[in-house]
Each structure stands twice: as C-alpha cells, then as structure tokens.
Amino acid sequence: MIDALDEGRTFFTVEFQIHPAFTPTSASDMSGKMSGKVEQVILLLSQNKNLTIPEIAEKLGVSTRTAERYMKQLKEDGKLKRVGLDKGGHWEVVR
C-alpha cells in the first residue's frame with residue numbers, strides 16, 4: 001500500500017543492521033584494555049622494582065614494544081620514574 005505522501009518519492013532508504021562482532025574496536029575499548037595492562041605494570045613493579053621491559057612484556061603477554069609504550073605512558077603520567085642508569089638502575093612507582 002502506498003501512502004498519499006509517498007507517491008512523489010523517487011528514492012528509497014535501506015537500513016542495515018551490523019552484528020556487534022563485526023564492528024571495529026573503538027578507541028575507548030583500546031584505552032580500557034591499555035589501562036588494565038598499565039595497572040598490571042604498576043603492580044608488577046611494586047612487587048619487583050628491578051624488572052626489565054622484556055620481563056614485563058613476558059609477564060603481560062605483550063611485545064616488548066607494547067611494554068615500552070606502557071612504561072612511556074606511566075612516565076608521562078608521573079606514575080613511574082627510572083632511578084639510576086639504564087643498566088643497574090630500577091623503577092620507582094610514584095603514588
């Protein structure tokens with residue numbers, strides 16, 4: 001049945017429903033995952049301040065580059081600082 005108002009239409013609209021499993025991961029989802037891992041870094045370093053980045057990466061199940069990004073974020077946020085040299089120094093969690 002065609003409404004009287006629809007008689008002049010020369011187009012139609014289509015609406016597609018996308019299953020949530022096929023939607024791309026949003027930035028907010030990624031930041032949530034990242035903040036969880038970053039909190040794990042803080043926990044690991046509060047337990048052992050002499051951990052190396054490769055050791056942290058292994059414990060978190062991420063690449064060393066990803067672990068470096070987590071460390072960089074923590075340093076920029078003022079939650080972590082390096083005391084001493086790269087070799088022989090240690091990490092200090094700032095509360």
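Mentor: A salt bridge is a side-chain nitrogen of Lys or Arg within 4 Å of a carboxyl oxygen of Asp or Glu. The model is predicted, and the values below are computed from it.

Trainee: How far apart are the N and O atoms of Glu 76 and Lys 72?

Mentor: Glu 76 and Lys 72 are 4 residues apart in helix H3, and therefore about one helical turn separates them. Glu 76 is exposed, since its relative accessible area is 60% and the cut-off for exposed is over 50%. The side chains of the two residues meet in a salt bridge, with an N to O distance of 3.9 Å.

Trainee: With which residue does Glu 68 form a salt bridge?

Mentor: Glu 68 is partly exposed, at 34% relative accessibility. The closest N and O atoms are 3.4 Å apart, and the residue is Arg 65.

Trainee: Which strands hold Glu 92 and Lys 81?

Mentor: The side chains of Glu 92 and Lys 81 meet in a salt bridge of 3.8 Å, N to O. This pair links distant parts of the chain, the residues being 11 apart, with Glu 92 in strand E2 (residues 90–93) and Lys 81 in strand E1 (residues 80–83). Glu 92 is partly exposed at 33%, and Lys 81 is likewise partly exposed at 42%. The strands are thus E2 for Glu 92 and E1 for Lys 81.

Trainee: How many salt bridges are there in the whole structure?

Mentor: One of them joins Glu 68 to Arg 65, another Glu 76 to Lys 72, and another Glu 92 to Lys 81. A search of the whole structure gives a total of 3.

Trainee: Are H2 and H3 roughly parallel or roughly perpendicular?

Mentor: In H2, Ile 53, Pro 54, Ile 56, Ala 57 and Leu 60 meet Thr 64, Ala 67, Glu 68, Tyr 70 and Met 71 in H3. The residues of this contact divide into 8 nonpolar, 1 polar and 1 charged. The helix axes are 8 Å apart, at an angle of about 105°. Because angles of 65 to 115 degrees count as roughly perpendicular, the arrangement of H2 and H3 is roughly perpendicular.

Trainee: Is Gly 88 buried or exposed?

Mentor: Gly 88 is placed in the loop between E1 and E2. Its C-alpha atom is 8.5 Å from that of Asn 50, although the two residues are 38 apart along the chain. Since its relative accessibility is 83%, Gly 88 counts as exposed.

Trainee: What pattern does the protein chain follow along the sequence?

Mentor: The chain has 95 residues, of which 19% count as buried. It contains 3 helices and 2 strands. Read along the sequence, the pattern is α-α-α-β-β.

Key
Residues numbered from 1 in each chain as written. Predicted model: local features only at pLDDT ≥ 70, side-chain atom pairs only at ≥ 80, totals over all residues. Heavy atoms only, no water. Buried < 20%, exposed > 50% of the residue type's maximum accessible area, 1.4 Å probe, protein only. Axes fitted to C-alpha atoms, helices over the stretch in contact; angles between N-to-C directions. Parallel < 35°, antiparallel > 145°, perpendicular 65-115°, else oblique. Contact = heavy atoms within 4.5 Å. Nonpolar A, V, L, I, M, F, W, Y, C, P; charged D, E, K, R; others polar.
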